[in-house]
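Trainee: I have a model to go through. Can we test each label against its cut-off?

Mentor: Good plan. Open it up and ask away.

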Amino acid sequence: MKELYQDSTLGPSSRKKHICILTEDIFGPIKNGGIGTAYFHLAVFLQRSGHKVTICFINGLAKNPVKMKITKQFFLRLGINFFSVAPQALAKTTMARTMAIPYAAYEWLRQHEKKFDIVHVSEWRGTGYIALLAKSLGIAFGNIHFVVKGSSPTLWSAEGNQQFLKEDRQLGWVFMERKSAEMADTLICGSKYLIEWMDKNKYKLPERSFFWPNVFLDDLLPDKRIRINGSGLATREWVFFGRLEPRKGVILFVNALNSLAKKGVQLPTITFLGGDSYRFDAQKFIEENQENWQAEITFKNNFDAMEAIEYLRGEGRLAVIPALLENSPISVYECLATKIPFIAADTGGTRELLDPDTCEQVLFEPNHIALGKKLELHIKELPAPGVKHPRVKKSLEVWKRWHEQEHNTPQCKSPVDMQSPLITICITHFERPGLLYQALKSIEQQTYQNIEVIVVDDGSHSKEVHHALKILENHYANKGWQFIYQENCYVGAARNTAAKRAGGEYLLFFDDDNVMMPEMVEKMLRAAMFAGVDCLTCSSIRFSGEGEPNTPESKLGTQIRFMGPARAWATKVNIVGDATCLIKTTTFRNHGGYTERYRTGKDDIEFYSKLISANEKISYYPDALYYYRIGNNSMKARNLLQEEEDFRQISPYLHTLDAEEKSLLLLRTQQKGRGKQQGNKYKPGVVRRTMRRLRKFIRLDYGQ
């Protein structure tokens, strides 16, 4: 694993850059987020280094105009541009909610693409996933260098906390986080520990993957001249410093206090300095355990980062950081910068921030016995403040040099470099020739012309329909477009019939009631060839009515968004895309085409699952390229066997599993009613939750 200084040249500085920080979390609107604090320090540092810095904040808090105006003014005083974007879910589905932030980030960046040389974005929850995907397909951002920050992967957090994933969308986050890291132009993790975790979890890390401490500016914290803490001073208070959740070690800390109380140790004042957790009722847990502590207990859970540091700098306070899982903890940076006495669990990347000679003094093994012993050592006297690792001391110099040098960015291939392969467009039809004509008309208008069209009528029985089809067949005869008639065998069989007659290097499957945008074929082919993918799906625009899109006889809706080949979530929902896809003919035939089951849908999703399980290269074009008609006369509406459809979706994954592994994948439990509390899951009360939301919107003190 390489350190960032190994990617920094020692030559003369180059031009100053236009740099964007694209983030869901930033200090100001968010009081104490680790990602937001790290990016706040990075933004100020880059501005001081002479770069033009812009922050784009993608968060629902952007709906609060008063708070966003104050935030914008706060950053303008620091010489930093600030934009805010409120993500919008385009449907009432988990998929739509999951993709709202990545799409909002992508769409804003497309509007400002020419302004930036470098974009910083965290992998967390896939904020930059769609933008990175667009670059990987050659759609946009060819001149932007994306720096992905390894922060807090969902799977890493769940494993470290020994917690189960609670929501389906977390499966999507795991996929987008991994792909964001893999598609980065440069990946930078705050610790060697996290980059090694990614490697162990089989991330295909880019060649330019590095670890290095976060940018942290000591002078942004409260004035060190007022410090009254230090070695040799009496201990008056132990302060748990972190969010009140198991991951941050609150249970470990409570168990350590219990063990000391049983030994008869007289405890000092105990303070819990951190925000509440949504999944764990820490205050209730503490109240149930504090009976024997015989100490004053206080909670301070409304402080922002600056207020927390000011509190810790009070006389006789020892910061206790017993987190069970850490990457490059901001709380440790803060204590080191302000020389606050602290002790911390020896987990994750914490050790990487400390001078090796002081680790034994500061760190303890992450168990309650070791913590109890360490606390007992400082029952009367505070330890000496921790000392920074030499790497942290030279961190800013390396970050400065790295941003000043030029970074090569892969350029998009020119259309001249592309061949023009024949594409066979495969259309299935049943009893709606008027809609079929609209689809064929949109194909005629394509900017890419090296195409052939094969229409398979899957058993239409009306004489009027057959008459209309013959008219269409004669109309397109001069183009060589084929019309094939077969008995009703259903859509999978009809698609296979078209594919068998295809002469193209690529197949493009398209439904007869949809309408292409003029550049659809050209854009899909260009992206597939640029990225070297075997199968490419795309986004679309909903519309309804019998007329063509953008006419009085139809009504446009919202964009239909997918994610791509997220293997885990693909066993539950359609995550890859609609049946419309561009695929290499050899790939389609090598996997046997669609399975043929009468009046049972999801043949397309089953086929995508085949490709995923075979590790074929699949991708998703995030822009809308066609209009998807919503109506009652669809094949989906005529499907009969829902359970068989669902089984088709997961069946390709069963082939390599043993009996017990299959049984786990096939287990389907009934969904319980919404709103009911299950197990020991903690849900904040209505009053507490409402007050938290009000504080987010009202509290505006950014350390001014």
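Trainee: How many disulfides does a search of the whole structure find?

Mentor: The search finds 0 disulfides. Remember that this is a predicted model.

Trainee: Why is Cys-335 called buried?

Mentor: Its relative accessibility is 1%. Buried means under 20%, so Cys-335 counts as buried.

Trainee: What makes Cys-489 partly exposed?

Mentor: Cys-489 has a relative accessible area of 35%. That value lies between 20% and 50%, so the label is partly exposed.

Trainee: What is the strand order in the open sheet of 8 strands?

Mentor: The order is β1-β8-β7-β6-β5-β2-β3-β4, with parallel pairing.

Trainee: Why do β1 and β4 stand at the edges?

Mentor: Each has a single partner strand, so one side of each is left without a neighbour in the sheet.

Trainee: How do you know that β1 pairs with β8?

Mentor: 2 bridges join them. Pairing takes at least two, so β1 and β8 pair. In one of these strands, β8, Phe-210 is the bridge partner of Lys-2.

Trainee: Which residues touch the most other members of the largest nonpolar core?

Mentor: Leu-22, Ile-423, Ile-425, Leu-440 and Met-563 do, in a core of 114 residues. Helix α3 gives the largest share, 9 residues. A second, separate core has 63 residues, including Tyr-39 and Phe-57.

Trainee: What is Met-563 in contact with, beyond its neighbours within four places in sequence?

Mentor: Its contacts include Met-95, Phe-175, Trp-569 and Tyr-620.

Key. Residues are numbered from 1 along each chain as its sequence is written. This is a predicted model: local features need pLDDT of at least 70, side-chain atom pairs count only at pLDDT 80 or more; totals for chains, interfaces and linings use all residues. Side-chain values use heavy atoms; hydrogens and water are left out. Helices (H or I, at least four residues) and strands (E, at least two) are DSSP runs, numbered from the N terminus. A nonpolar core is a set of buried Ala, Val, Leu, Ile, Met, Phe, Trp, Tyr and Cys residues joined through side-chain atoms within 4.5 Å. Buried means under 20% relative accessible area, exposed over 50%, partly exposed in between (1.4 Å probe, protein chains only). Contact means heavy atoms within 4.5 Å. A disulfide is a pair of cysteine sulfur atoms within 2.5 Å.
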